[in-house]
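Trainee: Please take me through this model one question at a time, giving the cut-offs behind each term as it comes up.

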Amino acid sequence: MAQVSANVTSEIREHARGRSAENPFVIAEAQGIRVRHRGHEPQVHPTAYVAPTAALVGDVRVGPRARVMYGAVLDAEGSRVEVGEAAVICENAVLRGSAVAVDQPVLVDDHVFVGPHATLLGCAVGRCVYVATAATVLQGARLGAGSVVAVGALVHARTVVPDEYFVPPNTVALDAPVRLLAPGDPGLAEAVRRVGFAQVAFGVDAEWTDRISRYEHIAEVRVAEFGAHADDEVVDLG
């Protein structure tokens, strides 16, 4: 199957090159924007497809027959992002690793679907998981094989979602064992406080009630982390 896919991709590219000589339109190469970051260069399997406007930054590895669509951003930061075989990363999804607190890669297993505008931050996604449009999975979370995070749902930091579990639309999944809360649930704020998100994601230990101090520290952590991009280089794919 991989060889068939490779042949089809090759035919499409050859056809595109032939057409470009016949008309004024520029045919974009399906290679994406690849950025060398912290000494690491993205690696893409030859049978994968990366759309021209997708950005791969740093230690990013895209597996066989994976599809990374328009506007997606796969940013390893000081960690890594791995996309498995036949995984689909849809338009404008964001996958971002981090190492500011502990090493938090984004690990996407085979046959995973990540919908448009979804966000995966420093989490592990098992095989055949479906992450729907605008869903968010935070640092340290783990999604079991065949689980679903439906439209607009949030899987909070360190949450463990069992195999084939369904997180309903616009709900919040927390803890291990997992529990679900609706956005208006009166216990939601306290449940989120106990997660310790600032510590998990940014290594920031600040009082829950001192929001100004907490968010000031978080911003400083990101300023330092993102400052490393000043030395980035766009990879010339020739």
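Trainee: In which helix is Arg 222 found?
Mentor: Residues are numbered from 1 along each chain as its sequence is written, and side-chain values use heavy atoms, with hydrogens and water left out. The model is predicted, so local features need pLDDT of at least 70 and side-chain atom pairs count only at pLDDT 80 or more, whereas totals for chains, interfaces and linings use all residues. Helices (H or I, at least four residues) and strands (E, at least two) are DSSP runs numbered from the N terminus. On that basis Arg 222 belongs to the run of residues 211–226, which is helix H4.

Trainee: Is Arg 222 buried or exposed?
Mentor: The classes rest on relative accessible area, with buried meaning under 20%, exposed over 50% and partly exposed in between (1.4 Å probe, protein chains only). Contact, in turn, means heavy atoms within 4.5 Å, and beyond four places in sequence Arg 222 is in contact with Arg 96, Ser 98, Gln 139, Phe 202 and Gly 227. Its relative accessible area is 16%, so Arg 222 is buried.

Trainee: Against which elements do the buried residues of H4 pack?
Mentor: The buried residues of H4 are Ser 213, Arg 214, Ile 218, Arg 222 and Glu 225. They pack against strand E10 (94–96) and helix H3 (197–202).

Trainee: Which residue is the bridge partner of Val 131 in E18?
Mentor: Strand E15 (residues 130–131) runs parallel to strand E18 (residues 148–149), and 2 bridges join them. In E18, Val 131 has as its bridge partner Val 149.

Trainee: How many residues has the largest nonpolar core?
Mentor: A nonpolar core is a set of buried Ala, Val, Leu, Ile, Met, Phe, Trp, Tyr and Cys residues joined through side-chain atoms within 4.5 Å. In the largest one, the residues with the most contacts inside it include Val 62, Leu 95 and Leu 120, and strands E5 (60–62), E8 (81–83) and E11 (106–108) each supply at least two of its residues. Apart from it lies another core, of 11 residues, among them Ala 157 and Val 200. The number of residues in the largest core is 39.

Trainee: What is the angle between the planes of Phe 113 and Tyr 130?
Mentor: Rings of Phe, Tyr and Trp (its six-membered ring) pair if their centres lie within 6.5 Å, and planes under 30 degrees apart count as stacked, over 60 as edge-to-face and the rest as tilted. Phe 113 lies in strand E12 (residues 113–114) and Tyr 130 in strand E15, so the pair ties together parts that are 17 residues apart in sequence. The pair is stacked, with 4.8 Å centre to centre and an angle between the planes of 10°.

Trainee: What kind of aromatic pair do Phe 197 and Phe 202 form?
Mentor: Phe 197 is partly exposed at 24% relative accessibility, whereas Phe 202, at 10%, is buried. Their ring centres are 5.8 Å apart and their planes are at 90°, so the pair is edge-to-face.

Note on methods
Pairing = 2+ DSSP bridges.
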